[in-house]
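Try each task yourself before you read on.

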Amino acid sequence: KIQCKKVVMAAKRLSKQEDYIVGSEFDSSATRGPFKFQVGKKAISAMTLAVKNMKVGERAEIITRADYAYGKDGLRKSNGDVIVPPFATLCFDVTLLKC
């Protein structure tokens with residue numbers, strides 16, 4: 001299991017979502033606690049690939065294109081509100097707490 005202290009994500013590129021602000025933070029463990037996941041489960045491909053090569057205590061900025069993140073569908077809340085627009089390139093600021 002992997003535990004990240006801070007996962008701050010910001011969309012850098014947008015599709016046709018004009019109301020989405022480029023560079024806006026859409027998730028942060030600073031307010032909800034560390035993001036915990038098992039490699040290969042529950043995390044986007046980019047996160048799984050990156051943290052496998054990190055050491056405990058290491059900090060990394062991970063920039064990923066859409067096909068290693070949320071792809072053509074993006075990420076939505078259960079009510080349909082867009083969290084991450086389709087085809088968004090994302091930037092993660094990650095500190096690996098433990099594995």
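**Exercise 1.** Is Arg59 buried or exposed?

*Solution.* Before we start, note that this is a predicted model, in which local features need pLDDT of at least 70, side-chain atom pairs count only at pLDDT 80 or more, and totals for chains, interfaces and linings use all residues. Residues are numbered from 1 along each chain as its sequence is written, and side-chain values use heavy atoms, with hydrogens and water left out.

Step 1: recall the cut-offs: buried means under 20% relative accessible area, exposed over 50%, and partly exposed in between (1.4 Å probe, protein chains only).
Step 2: apply them. Arg59 has a relative accessible area of 59%, so Arg59 is exposed.

**Exercise 2.** Find the residue that forms a salt bridge with Asp93, and describe the pair.

*Solution.* Step 1: a salt bridge is a side-chain nitrogen of Lys or Arg within 4 Å of a carboxyl oxygen of Asp or Glu.
Step 1: the partner of Asp93 is Arg59, with the closest N and O atoms 2.7 Å apart.
Step 2: Asp93 is in strand β8 and Arg59 in strand β5, so the pair links distant parts of the chain, 34 residues apart. Strands here (E, at least two residues) and helices (H or I, at least four) are DSSP runs, numbered from the N terminus.
Step 3: check the burial of Asp93. Its relative accessible area is 15%, so Asp93 counts as buried.

**Exercise 3.** How many salt bridges are there by this rule, and which other pairs can you find?

*Solution.* Step 1: the count comes to 3.
Step 1: Arg65 and Asp67 meet through their side chains at 2.6 Å, N to O. Arg65 is partly exposed, with a relative accessible area of 48%.
Step 2: Lys72 pairs with Asp73, their closest N and O atoms being 3.5 Å apart. Both Lys72 and Asp73 are exposed.

**Exercise 4.** Describe how β8 sits in the structure.

*Solution.* Step 1: look at burial. Since 7 of the 9 residues of β8 are buried, this strand is largely enclosed by the rest of the structure.
Step 1: look at pairing, where two strands pair if DSSP finds at least two bridges between them. β5 and β8 run antiparallel and are joined by 6 bridges. Ile63 stands opposite Cys91 in β8.

**Exercise 5.** Where does Thr48 lie, and what surrounds it?

*Solution.* Step 1: Thr48 belongs to helix α2.
Step 1: with a relative accessible area of 11%, Thr48 is buried.
Step 2: list its contacts (heavy atoms within 4.5 Å). Leaving aside neighbours within four places in sequence, Thr48 touches Phe37, Val39, Gly40 and Ala43. The C-alpha atoms of Thr48 and Phe37 are separated by 9.1 Å.

**Exercise 6.** Summarise the protein as a whole.

*Solution.* Step 1: count the elements: there are 2 helices and 8 strands.
Step 1: along the sequence, they follow the pattern β-β-β-α-β-α-β-β-β-β.
Step 2: of the 99 residues, 40% are buried.
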